[in-house]
Amino acid sequence: MLKSAYHKCCSGEWLLQQWAPFSKEEFKITLGTCSNLLTPGPDKLSWRHFKSILSDKDCISSVIKIANACIDLGYWPNHFKILSTVIIPKPNKPSYNSSKSFRPIVLLNTIGKLIEKVIGERLQFLVVRNDFIHPSQLGGLKFKLTINAGVALMHIIHLVWSRNCLTSTFAFDIAQFFPSLNHCFFTRILHKTGLDNQVVNFFGNYLSNRKTSYKWNSFSSPIVNINVGVGQGSTLSPILSALYLSPFLCILEKCLKNLKIPISIISFVDDGLLISQDKSLDVSISHLFCSYNVVTNLLDKFRLIVEHSKTDVFHFSRSHGLFNPPPLDLSPLSGPILSPKSL
């Protein structure tokens with residue numbers, strides 16, 4: 001199924017993405033986007049000082065040689081694998097008695113972070129050019145922002161209003177998405193993107209034997225191994241998460257089509273939106289119920305789950321009269337009973 005997401009060249013072979021050596025221009029452009037206010041990682045090297053160091057042409061050439069050697073050898077130095085994970089509270093939570101009320105943010109060694117940013121820019125260009133990213137993905141990618149998801153939804157809603165149809169949507173969140181990404185599965189996905197073996201080997205090594213120290217206020221834990229997930233705050237996490245979800249969305253789209261469930265999808269990183277449109281509200285609700293069943297079963301195969309506390313249902317009707325839609329009862333599927341949100 002993943003092959004349907006790839007770009008074929010004229011000969012019918014999957015297009016092999018050649019990875020060219022990094023250029024000084026790539027590093028200078030990426031370095032210019034790094035704010036001096038960014039918090040340094042375990043190496044304590046500030047971006048202001050690092051930029052001053054790299055203003056010397058010999059120094060920046062040395063960093064580029066390190067980056068090229070990492071790809072050529074399929075190796076990410078252990079020094080860059082030691083991270084700091086800062087636990088910060090999520091804003092406006094009614095209670096902070098649960099771990100879900102906090103967000104782990106990864107702080108990287110500054111030199112490694114710059115190399116990761118350059119690799120991320122290159123990787124995103126290649127996989128987008130190769131048509132591997134699912135078209136419904138509007139997050140974690142350049143030139144695709146939150147406002148794009150809003151504009152797309154507005155267009156979909158207004159388009160069917162002209163046909164006297166209403167739009168029903170089901171919003172869901174994937175629980176603990178970034179810490180739950182499976183490294184072995186991700187490596188298999190990279191093989192399918194058309195990237196050459198050197199790059200795939202690099203990411204296999206990049207994701208292995210990583211270590212972190214957890215920091216919370218004045219507390220600092222001993223260094224521990226982390227063998228799953230991609231750190232939220234890592235410069236590569238947006239494109240890696242988009243790659244991880246692409247096959248899920250391709251398979252989901254095909255499953256819904258085979259089951260003849262007319263559902264559209266919008267994805268924004270770990271948030272998803274299922275969209276049903278029909279003249280009958282009961283039919284739309286039925287489609288959302290069935291698609292929720294497909295989504296949860298498929299996520300389970302990816303070792304991911306829906307966070308039920310972050311699910312919502314919205315109905316968009318052009319009717320100016322009384323509109324009182326019933327709740328979406330997902331309890332037969334071990335889900336919540338969702339009352340529609342008022343807009």
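These are my notebook entries on a predicted model.

**Ground rules.** I number residues from 1 along each chain as its sequence is written, and side-chain values use heavy atoms, with hydrogens and water left out. In this predicted model, local features need pLDDT of at least 70 and side-chain atom pairs count only at pLDDT 80 or more, while totals for chains, interfaces and linings use all residues.

**Helix α1.** I looked up α1, residues 24-32 (helices are DSSP runs of H or I, at least four residues; strands are runs of E, at least two; both are numbered from the N terminus). Phe27, Thr30 and Leu31 are its buried residues (buried is under 20% relative accessible area, exposed over 50%, with a 1.4 Å probe and protein chains only). They sit on the same side of α1 because they cover an arc of only 100° around the axis (the arc of directions from the helix axis to the C-beta atoms). Glu25, Ile29 and Gly32 are exposed on the other side. I checked what covers the buried residues: α2, α3 and α4 are included.

**Core.** Next I looked up the largest nonpolar core, which has 77 residues (a set of buried Ala, Val, Leu, Ile, Met, Phe, Trp, Tyr and Cys residues joined through side-chain atoms within 4.5 Å). Helix α9 (residues 237-258) gives the largest share, eleven residues. Phe27 and Phe170 are among the members that touch the most others.

**Strands.** I then followed β3 (residues 166-173), which pairs with β8 (residues 271-278) in the antiparallel sense over eight bridges (pairing needs at least two DSSP bridges). Serine 168 has serine 276 as its bridge partner in β8. Strand β7 also pairs with β8, antiparallel, over six bridges. Here isoleucine 265 stands opposite leucine 274. Two residues lie between the strands of this hairpin, and valine 269 takes a positive phi near 55°.

Methods
Contact means heavy atoms within 4.5 Å.
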